[in-house]
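I opened my notebook to look up a few things in one structure. Here is what I looked at, entry by entry.

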Amino acid sequence: MSLPSISFFDQVNRSFDKAAALTDHDPRLLVQIKACNSVYRVAFPIKRDDGSIEVIHGWRAEHSQHKLPTKGGIRYSLAVNEDEVMALAALMTYKCAVVDVPFGGAKGGIAIDRRAYSQNELERITRRFTFELYRKSFIGPSIDVPAPDFGTGPQEMAWIADTYQALNKEDLNGLGCVTGKPLPQGGIRGRVEATGRGVMVGIREACDLAEDMKAIGLTRGVEGKRVIVQGLGNVGFHAARLLRDEGAELVGFAEYEGAIYDSRGLDLDKVVARRQETGSILDCEAEIKTPNSQLALEWDCDILIPAALENQITKQNVDRIRAKIIAEAANGPMTADANEVLLKRGVWIIPDTFLNAGGVTVSYFEWLKNLSHVRFGRMGKRFEEEAYARLLDAVEVATDRSFTDRERFFFTRGPSEADIVRSGLEETMAGAYLELRKIRDSYGNKIDLRTAAFICAIDKIALCYGDLGIFP
Ligand code: NAD
């Protein structure tokens, strides 16, 4: 397999080095934090539906075991290679640290274009890959826990869980071997949209700070901000939907086959429905349409959300980028060189190490649910509702007024699993953003948010190694 032209892992390490230079940790410890601890490369045959045999190539990288299990998605894409999974695993380590999710970082992938395989073939590939991971102890609720990523979703996660459980009949916690599962197979409410929701919350927090917005010539708040989204998959679609619900104006979308733009705003639901019908975004009504999907990155907007793959903004196109805010929903969508150019131009970059952490945050909740064997809210919901009702009764007696049935329903409703997940996710994302802003402030506003995120992660991981007594 040929090496990528831009090493993604090098790009991540450049961000690490930039931040590490500002810390005073032992250089030997920094070397350990940066290193990718283990990579498993596997090739296995599968039988295609036409009876032919094909060799499939897959990888799993565990970047850091400073906390266990390690955690990270599995992607299906022709661009998958060893460098990519190492980079993505490293990003997972830093991301988990930034949002205080107690996992080390990992990532896996299979070098296939999923559109070229039938459902049965995808099942055979997924189950065999799981078996290979199991054989080498690269999967398990206390070892390494995959999740969905580019090209995978709840269906693949269900196959992984089923295969793992078939091999581990005695493991009571077997369902916790993978997250992002469908609800009936041990999934959690809110996981499908979690990364997109986290992206929305992260952007909302960023736009809420009037001082930062003023510095880039924007007003406070998400409302009315013009947004372009590259990639209408799991992350891009839900981020766009939720930003629209917050009042943002969606003016551009890019997909594989092309990009569309309309200064009057685009109807997300109509675009998605039309694309499902005809297979192309270019069949939607819009002022501008082009088969060159990369052009969407260069169109005028307030917020550009790359939500597809890495290395989209590079030295080649960075001078033509016009967005004022770049919100990195995808992992590594810009190279380190492009990042520096944009920072010099004053573009506000909300980094992937923070912004797309909503997925792993809710995966963490799913894992906790699997280990505790009980749905969030099940034990306390009714008790809370009864307590609120008693409170309302007391208020009624004290004030001599009666609440309507509607008011009673509203005031006494106890939290469901979906409520708890959403609240935990918003609390995590909002809290993490403020933490990064605080770190940035502590350096006299002389560092960018990505560097703040890396400093935040390095400090926490270093503390963890220190606590373990590995580097006394
Ligand atoms: P996905 O497969 O659901 O969606 C990706 C979308 O991008 C697809 O619709 C695809 O057609 C489109 N696309 C591919 N190449 C494109 C191009 N050149 N131009 C425009 N569109 C293109 O994947 P996803 O899960 O949404 O992941 C997207 C990104 O978000 C990846 O970088 C992934 O690592 C990151 N991420 C995903 C999650 C998650 O929970 N799924 C969590 C964190 C980060």
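**Entry 1: the ligand shell.** I sorted the shell around the ligand by class and got 10 nonpolar, 10 polar and 4 charged residues. The model is predicted, so I note that at the start. Next I asked which residues come nearest to the ligand. Of the 24 around it, they are R75, D149, T195, E255 and N331.

I then looked at where the shell comes from. Domain 1 (38–185) and domain 2 (194–355) each give at least three residues to it. Helix 8 (234–245) and strand 7 (249–255) each supply at least two.

**Entry 2: polar atoms facing the ligand.** For E255, an N or O atom of the side chain is 2.5 Å from an oxygen atom of the ligand. For T195, a polar side-chain atom lies 2.7 Å from a ligand oxygen. For R191, the distance from a polar side-chain atom to a ligand oxygen is 3.4 Å. I also checked how much of the ligand is covered. Alone, the ligand exposes 820 Å², and the protein buries 89% of that.

**Entry 3: the loop between strands 2 and 3.** I found H66 in the loop between strand 2 (53–62) and strand 3 (70–76). Is H66 buried or exposed? H66 counts as buried because its relative accessibility is 8%, and the cut-off for buried is under 20%. The side chain of H66 makes a polar contact of 2.7 Å with the side chain of S64.

P69 lies in this loop between strand 2 and strand 3 too. I checked the peptide bond from L68 to P69, and it is cis, with omega near 0 degrees. I wrote a reminder beside it: most peptide bonds are trans.

**Entry 4: helix 15 and what follows.** Helix 15 covers residues 417–442, which is 26 residues. From first C-alpha to last it reaches 37 Å, close to the 38 Å expected at 1.5 Å a residue. G444 follows helix 15 and has a positive phi, near 60 degrees.

N445 sits in the loop between helix 15 and helix 16 (449–468). Its phi is also positive, about 60 degrees, although N445 is not a glycine.

**Entry 5: one more positive phi.** I looked at N311, in the loop between strand 10 (303–306) and strand 11 (325–327). Phi of N311 is positive, near 55 degrees, and the residue is not a glycine. My reminder here: most residues other than glycine have a negative phi.

Terms used: Residues are numbered from 1 along each chain as its sequence is written. This is a predicted model: local features need pLDDT of at least 70, side-chain atom pairs count only at pLDDT 80 or more; totals for chains, interfaces and linings use all residues. Side-chain values use heavy atoms; hydrogens and water are left out. A residue is near a molecule or strand if one of its heavy atoms lies within 4 Å of it. A polar contact is a pair of N or O atoms within 3.5 Å; within protein, one must be able to donate a hydrogen and the other to accept it, and residues adjacent in sequence count only if both atoms are side-chain atoms. Accessible areas come from the Shrake-Rupley method with a 1.4 Å probe; for residues, only the protein chains shown count as cover. Helices (H or I, at least four residues) and strands (E, at least two) are DSSP runs, numbered from the N terminus. Ala, Val, Leu, Ile, Met, Phe, Trp, Tyr, Cys and Pro count as nonpolar, Asp, Glu, Lys and Arg as charged, and the others, Gly among them, as polar. Domain bounds come from an automatic or database domain assignment. Buried means under 20% relative accessible area, exposed over 50%, partly exposed in between (1.4 Å probe, protein chains only). The expected span of a helix is 1.5 Å times one less than its number of residues.
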